[in-house]
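Colleague: I would like to learn how to read a few features of a protein model. Please go through them one by one.

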Amino acid sequence: MAKVIQQCQVAPPPGGAAELTLPLTYFDLSWLIFGRNRLILFYKLPISKSDFVQTIIRHLKDSLSLALKHYAPLAGNLVCPIDSSGHPELRYVPGDSVSVTFSETNMDFNYLIGNHSRNAKDFYPLIPQLAEPKDAPGVILAPLLAIKVTLFPNLGISIGFSNHHAACDGNTIVRFTRAWALLNKFDGDEQSIANEFIPFYGRSAIKDPYEQGTTMWNIIKTFKPEMRDIVVIPVDKVRATFIVGHDKIAKLKNLVLSRRPSLEHVTSFSVTCAYVWTCYVKSKATVWEEKDKNVLEFFTCAVDYRARLNPPLPQSYFGNCIIGYNSETTHINLIGEEGFTIAAELIGKTIQKRVKDEEWLHSGNWFKSFDTVDFKRAFGLAGSPKFDLYATDFGWGKPAKLESISIESGEGGVMSLSKSRDSDGDLEIGLSLSKAQMNAFATIFSHGLGFL
């Protein structure tokens, strides 16, 4: 469904980036056993194939090369030892490059950028697959990033990303993407990328007094992390996007505070996650009746710790600096009349309790806490409203739509969360569910907001 026009490798400019090795910290290591991040940005751009080939491709390659000059590790590899004696690291050496595919498709652009239910499998021709790992003496080398740019003739362009989560979190990949976009928009002028988009590589700033990095690696290597990029295309799911307006978010906050006036942590994030979580559990119950009403349901999310470390890290720190949080309660609690309030209280209290608990962070108890999570009954989160991907302008204006393909990985459910494209304060939620559950979710979601 997407015909290849050109497949190439893009590297930093000759002499532009020196060899660089970054050891994986305990923030990075936990992501070795999870899948890859996948994201698609859609842009309305009514150009012909000839313009795409003669102009767009060249500009994108040139600006990407300049972006990789600053983000060289993304052109490198994850180096994973074959035996148990070594420690995994990121390594860039001059000559390393990113696989980039340029293609065209006759798929329906306007269908794909809608908010309505769309077949999940239709998005997979637009995402790249990371190249196969390579063997080297004593180690396996796995690529970290691949990009696919697809032309919808006379309608638009999509840019698909696949990256290994062990290399970096959403904060870093968004900064890289926005740096690339700015360099493309301003014809390679490196003055266009402000300091906030120049990565900080100081790994020594990550303190590990309990040596939890070593402990985590000893645990993780027993799982024999999969180094290949295995893409599983869903055959029975649909994707849909839901908007929670800032006025509705304010009413959700007020509802929680009216029922739990002593609750201190009530934010747009906590009430939105709580509302979507309860709608998700209720929609699942309408499709598959739960016999054990006391079975536990889990909510999991990751919180950025750059500003929370002592001393804090720069926001431009390259790598992972996120910690997983989880909350749990019984199924009957979430589907009941007080379900939303219970969920908001749980999420709020979890964040408030953990966010300043340095002992919990440094001891590795955050990692151990996931031992008790039943991921088949977990509802997770991808993305953050702090990431303004809709500000990613390659010179074609803001994206018409973004889609997080990563929400289809895992055994439970996952929501994507981002700023809304069109209105400040509104939040955009992406889901991928069976058609029956999506229909149920849409009804429950709109019905509940309508009563606020």
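**Reading loops, a helix and a sheet**

Modeller: Asp-187 lies in the loop between helix 4 (170-185) and helix 5. Keep in mind that this is a predicted model.

Colleague: What is phi of Asp-187 near?

Modeller: Phi of Asp-187 is near 55°, a positive value in a residue other than glycine. Asp-187 is exposed, with a relative accessible area of 68%. In the loop between helix 4 and helix 5 there is also Glu-211. Phi of Glu-211 is near 55° too, again positive in a residue other than glycine, and Glu-211 is exposed at a relative accessible area of 53%.

Colleague: Which residues of helix 5 are buried?

Modeller: An α-helix has 3.6 residues a turn, so residues three or four places apart point the same way. In helix 5 (residues 212-220), the buried residues are Gln-212, Gly-213, Met-216, Trp-217 and Ile-220. Down the axis of helix 5 they fall within an arc of 135°, so they line one face of the helix. Their cover includes helix 1 (26-29), strand 4 (77-81), helix 10 (358-362) and helix 11 (365-368).

Colleague: What is the order of the strands in the open sheet of 5 strands?

Modeller: Strands of a sheet pair through backbone hydrogen bonds, either parallel or antiparallel. Here the order is 2-5-4-9-8, with antiparallel pairing. Strand 2 (20-23) and strand 8 (134-136) are the edge strands, each pairing on one side only.

Colleague: How many bridges join strand 4 to strand 5?

Modeller: The antiparallel strands 4 and 5 (residues 89-92) are joined by 3 bridges. Opposite Val-79 stands Glu-89 in strand 5.

Terms used
Residues numbered from 1 in each chain as written. Predicted model: local features only at pLDDT ≥ 70, side-chain atom pairs only at ≥ 80, totals over all residues. Heavy atoms only, no water. Buried < 20%, exposed > 50% of the residue type's maximum accessible area, 1.4 Å probe, protein only. Helix = DSSP H or I, 4+ residues; strand = E, 2+ residues; numbered from the N terminus. Arc of directions from axis to C-beta. Contact = heavy atoms within 4.5 Å. Pairing = 2+ DSSP bridges.
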